[in-house]
Amino acid sequence: MSTAVDDELWSAIGDPTRRTMIDLLLSDGPGTATSLSRRLPVTRQAVAKHLAVLDRVGLIHAESAGRERHYQVDEAQLARAVAQLATVGSTWDARLRRIKRIAEAIERTRTNNEGD
């Protein structure tokens, strides 16, 4: 997938209400906008908008049952997001190790120069 899709995915996950919604759907199973709104400090309309964002990036999908739509987490897409996060984390770990080595080399050079 393209970087733009990934940016949308991470933007969707970045919202605390949407993360809570994903947590609720994972722990409780499929839910509706109404059932989720009972557990969140936002209106049903706000929940519906958050669900639309999560659906658009593929983190959840909905099945119609009469007048209601039942949402559940797309575990494959969530696993993809987790894998991306692990990759980003390991990249930053490597960068931080490099920065630490540079800072230590600078400190050693400074300490050696002070001793002269």
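Histidine 50 lies in helix H4 (residues 44-56) of the predicted model, helices being DSSP runs of H or I with at least four residues and strands runs of E with at least two, numbered from the N terminus. With a relative accessibility of 14%, histidine 50 counts as buried (under 20% relative accessible area, with exposed over 50% and partly exposed in between; 1.4 Å probe, protein chains only). Beyond its neighbours within four places in sequence, histidine 50 is in contact with Asp15, Thr17, Arg18 and Met21, contact meaning heavy atoms within 4.5 Å.

Residues are numbered from 1 along each chain as its sequence is written. In this predicted model, local features need pLDDT of at least 70 and side-chain atom pairs count only at pLDDT 80 or more, whereas totals for chains, interfaces and linings use all residues; side-chain values use heavy atoms, without hydrogens and water.

The protein chain comprises five helices and two strands, in the order α-α-α-α-β-β-α from the N terminus. Its C-alpha trace spans about 80 × 30 × 25 Å along the principal axes. Of its 116 residues, 25% count as buried. Residues 24 or more positions apart account for 48% of the contacts with a separation of 6 or more.

The mean pLDDT of the chain is 91, and 95% of the residues reach 70 or more; pLDDT is the predictor's confidence in each residue, from 0 to 100. Among the elements, helix H2 (residues 16-28) has the highest mean pLDDT (97) and helix H1 (residues 3-14) the lowest (78). Over residues 1-5, pLDDT stays under 50. Where pLDDT is low, the predicted coordinates should not be read in detail.
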